[in-house]
Amino acid sequence: MKKIAVTHWPANAGQVTINKIRARLEQEGLRPYRFDMMPGDAYGDHAHQEAEIRWVVSGRMRVLVGSEKLILEPGDRLDLAANVVHSADVVGDEVVVTLCASR
């Protein structure tokens, strides 16, 4: 698995909804959970022992992995390999709603 991968919501999949994202993650055999980030929230450098998936339902967030900066918007799926150091924060004044899962 690559260290980091971003997948965008398919144009033919219709509107991004939490239920559609949950169903897709469950089809992969995962147990997603909701994680909200409030405007002003920021998480410094950290890593997870397991590979992590974070799928944005609404809002915008910034993720930094080394010198790579990603802006994730509704429908964007981030796959991070285990032990990849990254940071994240909210972009703008909207709550960021995500569904997360670990492998």
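Guide: Read along the sequence, the protein chain runs β-α-β-β-β-β-β-β-β-β, that is, 1 helix and 9 strands, where helices (H or I, at least four residues) and strands (E, at least two) are DSSP runs numbered from the N terminus. This is a predicted model, in which local features need pLDDT of at least 70 and side-chain atom pairs count only at pLDDT 80 or more, while totals for chains, interfaces and linings use all residues. Residues are numbered from 1 along each chain as its sequence is written, and side-chain values use heavy atoms, with hydrogens and water left out.

The C-alpha atoms fill a box of roughly 35 × 30 × 20 Å along the principal axes. Of the 103 residues in the protein chain, 41% are buried, a word that here means under 20% relative accessible area, with exposed meaning over 50% and partly exposed lying in between (1.4 Å probe, protein chains only). Contact means heavy atoms within 4.5 Å, and among contacts with a separation of 6 or more, 73% join residues 24 or more positions apart.

Turning to the interior, nonpolar side chains in soluble globular proteins tend to be buried together. A nonpolar core is taken as a set of buried Ala, Val, Leu, Ile, Met, Phe, Trp, Tyr and Cys residues joined through side-chain atoms within 4.5 Å. The largest such core has 15 residues, and Met61, Val63, Leu72 and Leu78 are those with the most contacts inside it. Two or more residues each come from strand 5 (60–65), strand 6 (68–72), strand 7 (77–80) and strand 8 (86–91), and strand 5 gives the most, with 3 residues. Leaving aside residues up to four places away in sequence, Met61 touches Met37, Arg54, Val56, Leu70, Ile71, Leu72, Ala88, Asp89, Val90, Val91, Val96 and Thr98. A second, separate core of 12 residues includes Ala13, Leu30, Ile53 and Leu99.

Ala82 is partly exposed, because its relative accessible area is 33%. Again not counting residues up to four places away in sequence, Ala82 touches His48, Gln49, Glu50 and Ala51. Between Ala82 and Asp36 there are 21 Å in space, C-alpha to C-alpha, and these two residues are 46 residues apart in sequence.
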